[in-house]
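Please open the structure in your viewer and follow the stops below in order.

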Amino acid sequence: MQNTVLVDAGPLIALFDKDDFYHKSIKRFMLANDFKLITTIAVITETSHMLDFNVQTQIDFLKWINDRGL
């Protein structure tokens, strides 16, 4: 059975913001582990807001949610 992890905005922001200090770490963590991520609509809203420096990054985040089933 796949592990389930409740994720907050911080790791999601870092995953999509290449300038974030933790970007490389969270990317490695995500690739090295097999788990299902769950979150809340408030976290999705916060992450989208914090990624407002680039509309394409926001779109990529929302597509990732759709493709991955977050």
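Begin with α2 and select Lys-24, Arg-28, Leu-31 and Ala-32, which are exposed on one side of this helix. Exposed means over 50% relative accessible area, buried under 20%, and partly exposed in between, with a 1.4 Å probe and protein chains only. Helices (H or I, at least four residues) and strands (E, at least two) are DSSP runs, numbered from the N terminus. The model is predicted, so local features need pLDDT of at least 70 and side-chain atom pairs pLDDT 80 or more, while totals for chains, interfaces and linings use all residues. Residues are numbered from 1 along each chain as its sequence is written, and side-chain values use heavy atoms, leaving out hydrogens and water.

Next, select His-23, Ile-26 and Met-30, the buried residues of α2. Seen down the helix axis, they fall within an arc of 75° (taken from the directions from the axis to the C-beta atoms), so they line one face of α2. These buried residues pack against α1, β2 and α4.

Now select Phe-16. Beyond its neighbours within four places in sequence, Phe-16 is in contact (heavy atoms within 4.5 Å) with His-23, Leu-51, Thr-57, Asp-60, Phe-61 and Trp-64.

Finally, move to Asp-17, in the loop between α1 and α2. Where does the side chain of Asp-17 reach? It reaches the backbone nitrogen of Asp-19, at 3.0 Å. Not counting residues up to four places away in sequence, Asp-17 touches His-23, Leu-51 and Phe-53.

Terms used:
Polar contact = N/O pair within 3.5 Å; in protein donor to acceptor, adjacent residues only side chain to side chain.
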